[in-house]
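Hi,

Here is the structure I promised to pass on.

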Amino acid sequence: MTQPTPGQPAPSLDLPLTIQARFELSTQTPDNFTMLIFYRGAHCPICKSQLEELGGRLSDFTDRGISPFAISMDSHERAMKVDEEWETGNLPLVYDLSEEKAREYGLYISSKREGSDEPDIFSEPGIVLVRPAGTLYMMQSQSVPFARPSFDALLKGIDFVLDKDYPARGDRT
């Protein structure tokens, strides 16, 4: 598994949104970061909690110049289920992430457990911050659905980064 390198260009993304539009990473113009929340999909109750919390706290991020997007390998049908059934507010929901693109982001890939409602393959969770110039600032990925960083901790770290102009770390991969 390869990991993208902080300070280098983030892998490109051009994917559909549940609002009948497209998400293109290269066209994003946040003041500080585009935040990519990779989630497992409609089958994951932990993802549901995480995205509902984020949806309720969008202003905590947008007030800091951060544009969040939730991204999954879900099909259109599964993504629309999330859009309709989860309380994610105005959080943009992106879907149809390919396995190849998930791997470019260093995400772990899982196979369906027998008897579950999981899709055949899906990515495990991750959080990425991308600078306005399109370079990767931060990458966090999990091989399990639990043990995700809290949004409070993430916001505290982002405040520090913005206040101190803290550079991307891990650039010697």
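Phe38 sits opposite Gly126 in strand S8. This is a predicted model, by the way, so please read everything below with that in mind. The S3–S8 pairing is antiparallel and runs over 5 bridges, with S8 covering residues 126-130. On the S4 side, the bridge partner of Phe38 is Ile71. There the two strands, S3 and S4, run parallel and are joined by 6 bridges.

How enclosed is S3 by the rest of the structure? Largely so, because 6 of its 6 residues are buried. In a regular strand, side chains alternate between the two faces of the sheet. For S3, both faces are covered: one side has Phe33, Met35 and Ile37, the other has Thr34, Leu36 and Phe38, and all of these are buried. Phe38 itself has a relative accessible area of 0%.

On to the rings. Searching the whole structure turns up 6 aromatic pairs. One of them is Phe23 with Phe69, a tilted pair with 4.4 Å between the centres and 45° between the planes. Phe23 belongs to strand S2 (residues 22-24) and Phe69 to strand S4 (residues 66-71), so this contact ties together parts that are 46 residues apart in sequence. Phe23 and Phe69 are both buried.

Phe38 comes back here, paired with Tyr105. Their ring centres are 5.2 Å apart and the planes meet at 50°, so this pair is tilted. It links distant parts of the chain, 67 residues apart: Phe38 is in strand S3 (residues 33-38), while Tyr105 is in the loop between helix H4 (99-104) and strand S6 (109-111). Which side of the burial cut-off does Tyr105 fall on, buried or exposed? Tyr105 counts as buried, because its relative accessibility is 0% and the limit for buried is under 20%.

Next, the charged residues. Side chains of opposite charge can pair when their charged atoms come close.

- Arg103 with Glu99: the closest N and O atoms are 2.7 Å apart. Both residues lie in H4, 4 residues apart, or about one turn of the helix. Arg103 is partly exposed at a relative accessible area of 42%, and Glu99 is also partly exposed, at 29%.
- Lys101 with Glu104: here the closest N and O atoms are 3.3 Å apart. These two are in H4 as well, 3 residues apart, again about one turn of the helix. Lys101 counts as buried at 17% relative accessibility, whereas Glu104 is partly exposed with a relative accessible area of 30%.

Asp163 and Lys164 are both exposed. Which residues do salt bridges with shared partners join into one network? They are Glu53, Arg57, Asp60 and Asp152.

Last, a couple of backbone angles. Gln20 isn't a glycine, yet its phi is positive, at about 65°. You'll find Gln20 in the loop between strand S1 (14-16) and S2. Gln20 counts as exposed, with 68% relative accessibility. Asp96 is another residue other than glycine with a positive phi, in this case near 70°. Asp96 is in the loop between strand S5 (93-94) and H4, and it is partly exposed with a relative accessible area of 39%.

Cheers

Conventions
Residues are numbered from 1 along each chain as its sequence is written. This is a predicted model: local features need pLDDT of at least 70, side-chain atom pairs count only at pLDDT 80 or more; totals for chains, interfaces and linings use all residues. Side-chain values use heavy atoms; hydrogens and water are left out. Rings of Phe, Tyr and Trp (its six-membered ring) pair if their centres lie within 6.5 Å; planes under 30 degrees apart count as stacked, over 60 as edge-to-face and the rest as tilted. Buried means under 20% relative accessible area, exposed over 50%, partly exposed in between (1.4 Å probe, protein chains only). Two strands pair if DSSP finds at least two bridges between them. A salt bridge is a side-chain nitrogen of Lys or Arg within 4 Å of a carboxyl oxygen of Asp or Glu.
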